[in-house]
Amino acid sequence: MIINEAPALKLVEIKKEYPGVKALSGINIDFQTNEIHGLIGENGAGKSTLIKILAGIVKADYGEIFMNNKKVNIRSSKDSQKLGLSFIHQELNLIEYMNAAENIFLGHPYPKTRWGTISWKELNERAKEILKALDIDIPLNIPVGRLSTVNRSMVIIARAFAVSALIYFMDEPTTALAAHEKGMLFEVIRKLKSIGKTIVYISHDLDEVMLLSDRITVMRDGKVVTTLAKNEYEKPKLIQLMTGRNMNSLFPPRLESRKFEEIILSVRSLTGPKIKNVSFDLKKGEILGIAGIVGSGRTELLRSLFGVDKIISGEILFDGSLFMPHSPSESIKKGIALVPEERRSQGLILNRSVLENIAIVHLKALSRGPFIDIKNAKREAVKIGSLVRLKATDYRNAVATLSGGNQQKVVLAKYMLQKPQVFMLDEPTKGVDVGARYEIYSIIRELAKEGSGILLVASDFSELLGLSERILVMHEGKMIAVVNAKDMNEASLLKLCYGLEGS
Amino acid sequence: MRPTTFATWGNLKNIVEQSSILAIVSAGVTVVMITGDMDLSVGSLASLVGILSALLLKSNMNILVSEIIGLIIGGLCGLLNGILVAYGGISSFIATLATMTSFGGVALLLSKGVTLFGLPDAFLWLGQGSIVGIPVPIIFMIIIVIFAWLILEQMTFGRRLYAIGGNHEAAFLSGINIKLHRLSSFIISGASAAFGGIILTSRLASAHPQAGNPLMLNSAAAVFLGMTAFREGEAHIGGTLLGVFIMGVLGNGLNILGVNSYVQSILTGGIIILAVLLSSFAKRKN
């Protein structure tokens, strides 16, 4: 890569201060043409503020921006668009009843006929061009609601390229994608680079960033810590730079020589709308990982056990007696809890206080008769909050004001207020930064140590291998293997997940 | 006609008294709107219960018994709304729009479309009497509002309603029985509409099959106005009470100024829009 060429985008001394918080204190970064530039940092490091400034959503207090050595001003999102900056956000949703072509161009001007109406023909043509360029084959004549999961993800990817830009900013673009879809996205990103574009890639997934980026810039506390070239990448080093702490391991230490005897949950030939014939035993104190690609039925298995998805046949024995849950409230009463996959849409009531979010599951236990015992609720919430290492200045503040990691801790706390006997976690560290991840792992370990049975679904294989004793592998709704975590590595687990190896 | 009468103690009492019925009905509507639903049937339900209790009273039934029957009918109509919405899966807007029409029809049918007069004097105390100088409707209003505040802010039931309104899915996964809570909120709304209808009938000393109808739009407006105050975009009882009084002061002020009642409607609509706009501008500034 040629560094001495004029950078595509050069940031000089960008500063931004919010009341009481220095979000950015003098950011200097060069982004080159033909470059994939990784941008990493913990939540609160200032990445989002920086992106918002470049997108014209927030104004910088100080600093200059140059493109090809020419000074530019970004006062609005229109300015940003005109300069050729394109932003691809995480968790973009599709509009189910519109077709792929319309979803791709959503938010951009549609082509018009000479009568001023929308030219559907041209819209479809343009969509086809984009899809062709990306080597994606999706039917355009049906609503995306009827497309398969994979094809829907492809639409999300294609949408990123609806406009032709010079610099693409991608913020956690892979959170909704399965492994092979990620591969396709990476192909697309590399193709963009090869035709002279700049890609700024922001992600918590360090493996991804290291694999993809030509250089990586690390941010911490509103400052650039350093920019590393490809030959300087080392995961522990990156983590240390991001957190400012020395971390020897990503995972809390295992407790050696533990024996699990008592069975807490016994699942026999469980069949639901999207799972077939699943059987396993979960013992007290055990962490059982569940692996599988997206659509393998991992989430659905947890949902059936929690009483959300219906059970068609098979049975569940909880602590030795038959338990067929019909609703989450039944399960929670029994001592079975589920931390759902989507923390914002399923786990939290964002506009309500931290206290209320923690209290909502076990409100009855915090009440005297029909009235809430506020003092008691506060005491209990603070107690469980400190147990999960929740950092919240005031429990009366809306939960939306917390960082992603702390929000996730609130979700953990609300289901832990009364210690669950079976604790199910669906992607508990999704979108959570490295430091908070370690803490969440510790919480899970501690719960197991105290005798709860844990079911852990995670797409991050290192997480499954680092935490679980055994791993149950699912493929197309069926359980295809139960393996000991010690005997596996990420590659062998991946093979199993794709149904390539039986055992 | 003279603006000097506006800012007097007597007029203030007058405004509060006139607003009390709207406050009672709006309290129930607030409960429904907290979960994110809507109850459009409260107005015609108030009319219906007014007609019903007038008919019962005219058949010489005991006052207390006939009013309790009225409240139960209100609760049952709310139950019907709740079943349609929570268990039938119909959007609350459509379900209560339909029942609004039907309740209104029943009221017209029962009354044969005419105003019913000749109600017993003792019944008129509910809407026109007073205890130690305080008009009875005001006392009822205070009781209902305190009751609503207790339910919504201090009881588990209310906090669960807020959770449902805040995030349906998260509330369900937190083990809250969403259907039952939505159903209950409609029963509360139905009963409070019935209560409002009874007091209205007593106040007017007559029952007209459409007397309560304006309560629907006015209660929705009061709750919406309240949603812009104190807490952002969320129905709550304090805000609703404020909304009710804004509506009351408006109507009263325009009356005293002698504004034509048609023009009053135009101005009231405009002022509601203005209030909501102002508060959303203020929010954007922050």
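**Figure 1. Burial and overall dimensions of chain A in the predicted model.** Of the 503 residues of chain A, 44% are buried (a residue is buried if 20 or more other C-beta atoms lie within 10 Å of its own, exposed if 12 or fewer, and partly exposed in between, with C-beta atoms placed from the backbone). The C-alpha trace of chain A spans about 70 × 50 × 50 Å along its principal axes. A compact globule of 503 residues would have a radius of gyration near 23 Å, and the 24 Å of chain A agrees with this (the radius is taken over C-alpha atoms, and the globule rule is 2.2 Å times the number of residues to the power 0.38). Chain A holds 17 helices and 22 strands (DSSP runs numbered from the N terminus, helices being H or I with at least four residues and strands E with at least two). Among the contacts in chain A with a separation of 6 or more, 68% are between residues 24 or more positions apart (two residues are in contact if their C-beta atoms, placed from the backbone, lie within 7 Å). Because this is a predicted model, local features need pLDDT of at least 70 and side-chain atom pairs count only at pLDDT 80 or more, while totals for chains, interfaces and linings use all residues. Residues are numbered from 1 along each chain as its sequence is written, and chains are lettered from A and ligands numbered from 1 in the order in which they are written.

**Figure 2. Domains of chain A.** Chain A is divided into domain 1 (1-84 + 188-248), domain 2 (92-164) and domain 3 (263-497), with bounds that come from an automatic or database domain assignment. The C-alpha centres of domain 1 and domain 3 of chain A are 34 Å apart. Each side of this contact is made of 7 residues, 7 from domain 1 of chain A and 7 from domain 3 of chain A. On the domain 1 side, 2 residues are nonpolar, 4 polar and 1 charged (Ala, Val, Leu, Ile, Met, Phe, Trp, Tyr, Cys and Pro count as nonpolar, Asp, Glu, Lys and Arg as charged, and the others, Gly among them, as polar).

**Figure 3. The open sheet β2-β1-β4-β5 of chain A.** The sheet has 4 strands in the order β2-β1-β4-β5, with antiparallel pairing (two strands pair if DSSP finds at least two bridges between them). At its edges stand β2 (21-31) and β5 (70-72) of chain A, each with a single partner strand, so one side of each is left without a neighbour in the sheet. The twist from one strand to the next averages 25° (axes are lines fitted to C-alpha atoms, for helices over the stretch in contact, and angles run from 0 to 180 degrees between N-to-C directions). Strand β4 (residues 62-67) of chain A is joined to β5(A) by 3 bridges in the antiparallel sense. A:F66 stands opposite A:K71 in β5(A).

**Figure 4. Strand β3 of chain A and its partners.** β3(A) runs parallel to strand β8 (residues 198-202) of chain A, with 5 bridges between them; A:E35 stands opposite A:T198 in β8(A). With strand β9 (residues 215-220) of chain A, β3(A) pairs in the parallel sense over 4 bridges, and A:I40 stands opposite A:V218 in β9(A).

**Figure 5. Surroundings of A:G41.** A:G41 lies in the loop between β3 (35-40) and α1 (47-54) of chain A. A:G41 is buried because 26 other C-beta atoms lie within 10 Å. Not counting residues up to four places away in sequence, A:G41 touches A:G46, A:K47, A:V218, A:M219, A:R220 and A:M242. A:G41 and A:T217 are 176 residues apart in sequence, with 8.6 Å between their C-alpha atoms.

Figure 6. Chain B comprises 12 helices and 2 strands, and 50% of its 286 residues are buried. Its C-alpha atoms fill a box of roughly 55 × 45 × 35 Å along the principal axes. In the contact between the chains, 18 residues of chain B meet 23 residues of chain A. Elements that give two or more residues to the chain B side are α7 (156-166) and α8 (168-173) of chain B, and α7(B) gives the largest share, 7 residues. By class, this side has 8 nonpolar, 7 polar and 3 charged residues. Helix α7(B) is mostly covered, with 10 of its 11 residues buried, including B:R159, B:R160 and B:Y162.
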